[in-house]
Amino acid sequence: MKRWIVMTLLLGSLAAAAQQNPEGLFLKSRAPEFRGKDQTGNEISLRDLRKKGKVVLVFYRGYWCPYCNKELRRLEDSLQLIRAKGASLVAITPEQAQGVTQTIAKTKADFPILSDQDGKIMRQYDVAFQVDDKTVTRYKSFDIDLAGNNNQKPDAVFLPVPAVYIIDQDGNITYRYFEPDYRKRPSVREILENL
């Protein structure tokens, strides 16, 4: 229990530690195209996903984040409902393949997860923020090496603000959830209603 409280406090410091204030993309914005390999090595592109229907795009921080894991588990549990609406679900994270594997072990995620180690997708969607050195050091004391997990430079560790976008077949953002408070996430019901 003590470790959970400490982790919660550390996660809270991440939200406060932003050295820049990303705003995320807004409704009716054009969603930037992206391409990458998922956890099984399949090539995933937003353009190809949009051809099949709407896309639910989720940004999460990493396997070490209990709030992210809870959100991804809920989405996995509701994956058939999302697909029944004709939509695809894809998640984006800065963590390397090993972290994605741990996320899948914790959440049983059966949807594509793309590793955005260079932060290009996070920057395109304006969700990336730089974590301050003090917070990076505190995480290391709990065996969470953010720079190592994300293959980033120790003095330039970036994470995404938790965000969810729904993108229509024309490439426009029709739903936006962007919340710097890591403890708040949209409900699956809200996502389904917006599909």
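Trainee: Is K37 buried or exposed?

Mentor: In this predicted model, K37 is exposed, with a relative accessible area of 53%.

Trainee: Which residue does K37 form a salt bridge with?

Mentor: The partner of K37 is E43, and their closest N and O atoms lie 3.9 Å apart. The pair counts as a salt bridge because the cut-off is within 4 Å.

Trainee: And how accessible is E43?

Mentor: E43 has 41% relative accessibility and counts as partly exposed.

Trainee: What else does E43 pair with?

Mentor: E43 also forms a salt bridge with R35, where the closest N and O atoms are 3.5 Å apart. R35 is exposed, its relative accessible area being 53%.

Trainee: Changing topic, how many salt bridges does the structure hold?

Mentor: There are six salt bridges, among them the one between E33 and R50. The closest N and O atoms of E33 and R50 are 2.6 Å apart.

Trainee: Where do E33 and R50 sit in the chain?

Mentor: E33 belongs to the loop between α1 (2-16) and β1 (35-37), whereas R50 is in helix α2 (residues 46-52). They are 17 residues apart, and the pair links distant parts of the chain.

Trainee: Is R50 buried or exposed?

Mentor: R50 is buried, with a relative accessible area of 7%.

Notes
Residues are numbered from 1 along each chain as its sequence is written. This is a predicted model: local features need pLDDT of at least 70, side-chain atom pairs count only at pLDDT 80 or more; totals for chains, interfaces and linings use all residues. Side-chain values use heavy atoms; hydrogens and water are left out. A salt bridge is a side-chain nitrogen of Lys or Arg within 4 Å of a carboxyl oxygen of Asp or Glu. Helices (H or I, at least four residues) and strands (E, at least two) are DSSP runs, numbered from the N terminus. Buried means under 20% relative accessible area, exposed over 50%, partly exposed in between (1.4 Å probe, protein chains only).
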